[in-house]
Amino acid sequence: MIPQPGLTEASRILYDKHNKKYEGGKQSDQPLDTDEPINIEQIELIEGKQKEDIIDFIQKYEDTEHITHHKMTIEELEDSLETRIKDKNGLTTIQANSKLSQEKLRLEEELNLWLITYLKELNYHSYLLLLCVVLCFIIYFMNIDQPIYLFLGLFLLAFTFVSWFFRYYSTKRSTSLMKLYKKLIPSEANVIRQGEIFSIEPFKLVPGDLIQINEDTILPADVRIIESNQLKINNAQFTGEPEDLLMTVEPSGSSLHQATNFAFCGSSCTSGNGIGVLVNSGLNTSLASLLKSLYLNSRTSKKSLLPKEIGRLTVITSVIAVVVCILLFLLGLILDIEFDANILYSLGIILSNIPLGVFFTIASSFDISFNRMRKKKLFVNNLDSVETLGSTTCICVDKTGILTQNKMSVSSLWYDGELKDASVNYQTFEQSKANITLGYDIRDSTFKELLYNFILGTTASFNFNPTEKQIKRHIAKKLKVNPTNLSSKNYQQNKDLAENELREIEKKKPFQLQHTQGNQLESSLIKFAQPLKDIDECKRRFPIVSFMAKDEFGEETSHSCEISYNSDSKHSIFVRYLADYTVESSKIHYLVIIKGDPEVIWPNCNTILVNGEDRMIHESWNNMLKVAIDTLAKNGEKILAFANIIKSGIEVFDQFVVKDRLEYSSCRDFRFVGLVGIKDPLRENISSSVGKWKRAGSLSSVSVTKAIMFTDDYPEAAAFIAKRTNIFSEESKTNLDMIENGMSEEQAFEECDALVVDGEELSYKLEEQDLQNQSTNDDDNDTVKKDFLLDCVSKDEVVFTRITPSQKFLVVDACQRLGHNVAVTGNNLSDLSTMGIADTGIAMEDGSNTLKNAADMVILDNDFSTIINGIEDGRLFYDNLKKSIAFTLSSNIPEMFPFIFAILFQAPLPFTVVMILVIDIGVNIIPSISFAYENPEHNILLNKPRNLKHDHLINSKLISFSYLQIGVIQAFAGLYTYFIVMNDYGFKPSTLIGLAGKKGIIPNSYDEYNPSVGTQTTVIRGNTRVNSEIPQKFNFNSLDNNSIDLRLYFYDLEPSHWSECRWYNDTPKWWAKNIVYDDITICYRSEALRYAQTAYLISIVATQWANLIVCKTRSLSISQHGISNKLANFGVIFGTLLVVVLCYVPWFNKVLGTRMIAPPHFSIPSFPFCIIIFFYDEGRKMLLRSGIEKETGKLIGWVAQNTYY
């Protein structure tokens, strides 16, 4: 494996071995010292989670794409890419067009993969719906006179493909990948072809093109640098290092990520100019490959738990449908039920078990939660992660910018052996009318030297470029209009003037409030120095030194004597002119400034500046410096050290080495100048936000939530900030406190309440355990190796300081091994591996664009409290989704029960297949979606977080509630309604049992029922055809025989089998006759079945309204929760009006088979069952609440344990 910047050797070894042991998602049998290369197709996943560091990705990218261009000479590049580099002619037009055709073929291969991805979105419900389509067509061809089944089949087919595409669209990654990729590259690029410069779209670039690179250019592809004029590239998106990299043109013998002659797609040019030859373009660049890896792997990531839960729903309901369907189909064959009727019953059973609107409901709930979170400054990239965030038990958070405001300022100085208070800026001192004193003497010679080091040892500068939004606001304010209503004409006319006015306003601000270009740490130094010295003038007076060195063309190129800070060296170097630099360089003296971490700077100094004089460093100075560092650290300050040395030109240039990158070979014999302490103020209310999180899950017998802080500060500073932010409780004893009081490190580790772990210490401990394991020849030493980390994260309060990205990765993995659901924050691609392994990856608004697009979520205000709000919303989303699914599934039983009843008792079918669609797609949709707007039942954050492995969205308790409790009551309500309506139209309940299987003879049209006619004649009950026809079963599902008096048809039934018809001439006509179908009499006709089926439909709607009320809460009484959900109330009104329209508009009577039922049949028979549902569930919840311990939230009662879903 390649070395990684910022990693100790031990950390590199452990990180690489850790990945190898889990390659392919399981333990490897290879020994740990194996150095076998890994192919990109073998990217390791642990339980579906990406485990790669960004540096490892680049290495794999380099290997698999055969990237060796950074190692090639110019001649080799010309041969490899078939282009002309030396004369800067580039490709010919014919060459470019030929290569572009090849690139298009590769793009088409990508598109073919998208089709495969689309096909993978099929699930069990899709297959069952397709089966229903087939059954509909079978029924239609067996009953040509019933076209409704043809239309139903076509509708289900269309619905299947629409929902299929809907799921694909909501989860697809490839097309969003293309959109994301286009966002990260420029809209056009300057290319050199045949010696001429063209401006073209990036997707028309091909390998071998020469690209012009100027300041502020975003690279459109991966390029090898062939010309550099002080060219600096910011590769932070890939390396994580914030400093710009000075580009060289010489071949590099190092790995790709270390090469200074190679720039990645999406990187930016910050200064200088140059030319690069394009190596990879389009979807073959490093950036595109990285994004494809992130997005395609995220499809199988552990983070996407909700699709798995929905998958469980489809499996459970599909199994129920298939098992019941097969059993009853076989029973139908045994009972000699007509084949077409048997097919119809099978269709109804399958369709009733598919919650047709559930996917639209879930998608709508996602959208509602997404908008709710966005209003709270949390932008969701991956909708599946909303529910996962709600299950978070551990937050691993970076201190800077989240717990603090990332508004750094100088607060302390240490020089002349004394600690000085520098919290008062000199400009503030001058302008203040209050009696403020300075803690430092601006006339002190050492202070002046330190001040010059502040200015000359930074690259930051004051810079303000108004954004378009700021300009529009300024213009709108002047014109007294709303910025959104500002016309483009007014904007263009006033743009330049507004820009100048905004810059003038900026200049009048105090230096502390002005915008700067550069990182916050350096910005704090120039804001402190500017009131005392003009930094621009000072840098012009003492510019950075440049020197000439020959490149591989034999041409001399300029190199700037400047080495940026990186996490590996932990220092930066600047060389500045001290005199007139037009004379011979050997006579000029230069100031070499080194800035960085005190533990790096101090050992390279042999003198210290005291009161303007150089003094030798002795032991007492070591002690004084240690005291100063401890004091600053305990105040929570970041610490930087400054040192310098004056050298001649020859000495300087001899010690600068141009290899793969610029290096300074002699970091010693410096003069130490001083320390600076920099404070970053904490966010307002951060302590209460962290405290709120630590109290989360307090309704549990054990502490279940924790926050782990990552920081670059000294351990003492980290402990100070941890206590100020409430990550460490005020009364907690840290291991640092105990060690300071004389306790051993091991004992302090065991007995402390709060633990501070330094990155170097962590590396040493892990390396020590690794060596111990090797000495015992233990093949499986990873468990032992990570025991130290497990012990660390097992502490309730823990902070990690100065750790590397790979160590951060191991910390998160250790938390997950303890059973935590981990959310991790990050702001550049060095955090990518950690966010990849985390259950929820959260990017910062000011972080890398690539990381923000790859993360699950983005915090728009970089505030810790926003994460807590997101967790609350995630929990609320999960709770409300449970309620919505419970509500939706409850209607499955009353929909399925009529078909079971019809088969078992061979009775006329109480419900139709078409009406299932009315319930699932028409009535249930809005109420189901409305649950997303329900308020939490109580302080939801106090509940114990969901256990992702055991607490499923669809569990046995929810199935029991929906199917066996509420669903059964609804089914009985429908059956009771069915019997009532049929009885009112002449069919006693006892008569209906077996009636569909009974045979009879169709009477003549003129026959009239006569109950007094005996059975010994050729005319029985008025039927004159009893001896001339063969008895057959009556087809209740056909409309052809609607007008037949079934008392004549079933002539062998005694008059006592029939009830008296309730509706006669003294009632409205449409109560007794079907006015839509030629005034057909309803009583004693099969037409009565249509009215009973319509009443059954209405009974489901009515009981669903009761179900809607009881599903609003899982434990609280509705009297405590209320019914203030406006969308739910609207859903009740809409659903009721919908069935009214379907029943009483004649067109729907013909299409859907509904009827204009009499008002006494409209929900009145089912109303008592609505009351039963309400009081049954209120009683259940009362017993449930009494079975929950208030202190711990533990379920102790039988009802609570078995019905709290």
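**Notebook: a walk through the model**

**Entry 1, Asn-862.** I started with Asn-862, which counts as buried because its relative accessibility is 8%. My cut-offs for that word: buried is under 20% relative accessible area, exposed is over 50%, and partly exposed lies in between, with a 1.4 Å probe and protein chains only. I found Asn-862 in the loop between strand S32 (857-859) and helix H34 (864-890). Helices (H or I, at least four residues) and strands (E, at least two) are DSSP runs, numbered from the N terminus. I also noted that phi of Asn-862 is positive, about 55 degrees, although the residue is not a glycine.

I am working with a predicted model, in which local features need pLDDT of at least 70 and side-chain atom pairs count only at pLDDT 80 or more, while totals for chains, interfaces and linings use all residues. Residues are numbered from 1 along each chain as its sequence is written, and side-chain values use heavy atoms, with hydrogens and water left out.

I looked up the secondary structure and got 47 helices and 36 strands. The protein chain has 1205 residues, and 57% of them are buried. Its accessible surface is about 50,300 Å², with 54% belonging to carbon and sulfur atoms. These areas come from the Shrake-Rupley method with a 1.4 Å probe, and for residues only the protein chains shown count as cover. Then I checked contacts (heavy atoms within 4.5 Å). Of those between residues at least 6 apart in sequence, 73% join residues at least 24 apart.

Asn-611 sits in the loop between strand S21 (605-610) and strand S22 (613-616).

Side chains of opposite charge can pair when their charged atoms come close. My rule for a salt bridge is a side-chain nitrogen of Lys or Arg within 4 Å of a carboxyl oxygen of Asp or Glu. The count by this rule is 38.

- Asp-713 and Lys-399 meet in a salt bridge at 2.6 Å, N to O. Asp-713 lies in the loop between strand S27 (706-711) and H25, and Lys-399 lies in helix H14 (residues 399-403), so this pair ties together parts that are 314 residues apart in sequence. Asp-713 is buried at 2% relative accessible area, and Lys-399 is buried at 2%.
- Glu-418 and Lys-420 meet at 2.7 Å, N to O. Glu-418 is partly exposed at 44%, whereas Lys-420 is buried at 17%.
- Lys-472 pairs with Glu-468, their closest N and O atoms being 3.3 Å apart. Lys-472 is partly exposed at 31%, and Glu-468 is partly exposed at 47%. Both lie in helix H17 (residues 468-479), four residues apart, which is about one turn of the helix.

I then found one network, in which salt bridges that share partners join Lys-399, Lys-638 and Asp-713.

A patch is made of residues with over 30% relative accessible area and no salt bridge; like charges are joined within 9 Å, and nonpolar side chains (Val, Leu, Ile, Met, Phe, Trp, Tyr) within 5 Å. I found a nonpolar patch on the surface with about 730 Å² of accessible area together, and its members include Leu-131, Val-134, Ile-326 and Phe-339. The elements giving two or more residues to this patch are helix H5 (124-142) and helix H10 (305-334). Val-134 is in helix H5 and is partly exposed at 43%.

I also found a patch of negative charge, where Glu-730, Glu-731, Asp-753 and Asp-796 gather on the surface. For charge, Lys and Arg count as positive and Asp and Glu as negative, while His and the chain ends are not counted. The place of a charge is NZ of Lys, CZ of Arg, CG of Asp or CD of Glu. Glu-730 is in the loop between helix H25 (715-724) and helix H26 (735-740), and Glu-730 counts as exposed at 60%.

What does Arg-1180 touch, leaving aside neighbours within four places in sequence? I got contacts with Phe-961, Gln-965, Arg-1114, Val-1199, Thr-1203 and Tyr-1205. Arg-1180 belongs to helix H46 (residues 1167-1186) and is buried, at 6%.
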